[in-house]
Amino acid sequence: GIRPRALLPVSDATPDTLGAAVELVEPMGAETLIHARGAEGQDLRMVVPREKRFKIGEKVRLACDPTQTHLFDSNGQAVRA
């Protein structure tokens, strides 16, 4: 599991980034919630400052801090939080 504030848009594709396409841009005052679809169909969300602009259909690269992830087993039990 990755919280939306732990995903960040980056300019360069590396083995540690995810490719995604923006599906919905949801302004929330000082921040914007971006809904995106990963290259393998993953439903992704990221929260960015309102100054960052994205367009529907735009291709983005996303990175996250591995210390901000949570791992679960097939039963939904936390393996690492």
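Two strands count as paired if DSSP finds at least two bridges between them. Strands themselves are DSSP runs of E with at least two residues, and helices are runs of H or I with at least four residues, numbered from the N terminus.

A quick word on what you are looking at. This is a predicted model, in which local features need pLDDT of at least 70 and side-chain atom pairs count only at pLDDT 80 or more, while totals for chains, interfaces and linings use all residues. Residues are numbered from 1 along each chain as its sequence is written, and side-chain values use heavy atoms, with hydrogens and water left out.

Let us begin with the overall picture. The protein has seven strands and zero helices, so in the terms of the DSSP runs defined above the pattern along the sequence reads β-β-β-β-β-β-β. Along the principal axes, the C-alpha atoms fill a box of roughly 35 × 25 × 20 Å. Of the 81 residues, 26% count as buried, where buried means under 20% relative accessible area, exposed means over 50%, and partly exposed lies in between (1.4 Å probe, protein chains only). The exposed surface comes to about 5,700 Å², and carbon and sulfur atoms supply 53% of it; these areas come from the Shrake-Rupley method with a 1.4 Å probe, and for residues only the protein chains shown count as cover.

Charges are next. There are 11 positive and 11 negative side chains, and the centres of the two sets lie 5 Å apart. Here Lys and Arg count as positive and Asp and Glu as negative, with His and the chain ends not counted; each charge is placed at NZ of Lys, CZ of Arg, CG of Asp or CD of Glu.

Now to the sheet. Five strands form an open sheet in the order β1-β5-β2-β3-β4, with antiparallel pairing. Its edge strands are β1 (7–10) and β4 (43–49), each of which pairs on one side only. From one strand to the next, the twist averages 50°, with axes fitted as lines to C-alpha atoms (for helices over the stretch in contact) and angles running from 0 to 180 degrees between N-to-C directions.

β1 and β5 (residues 59–64) are joined by four bridges in the antiparallel sense, and Val 10 has Arg 61 as its bridge partner in β5. On to β2: this strand also pairs with β5 in the antiparallel sense, over four bridges.

The hairpin of β2 and β3 has two residues between the strands, and in it Gly 29 takes a positive phi near 85°.

Thr 17 is found in the loop between β1 and β2 (18–28), and it counts as buried because its relative accessibility is 11%. Leaving aside neighbours within four places in sequence, Thr 17 is in contact with Val 10, Asp 12, Arg 61, Leu 62 and Ala 63, where contact means heavy atoms within 4.5 Å. The C-alpha atoms of Thr 17 and Leu 62 are separated by 5.3 Å, although the two residues are 45 apart along the chain. Across the protein, residues 24 or more positions apart account for 50% of the contacts with a separation of 6 or more.

Thr 32, in strand β3, is buried at 6% relative accessibility. This residue stands opposite Val 48 in β4. With neighbours within four places in sequence left aside, the contacts of Thr 32 include Val 25, Glu 26, Pro 27, Met 46 and Val 48.

Asp 43 sits in strand β4 and is partly exposed, with a relative accessible area of 47%. Not counting residues up to four places away in sequence, Asp 43 touches Ala 36 and Arg 37.
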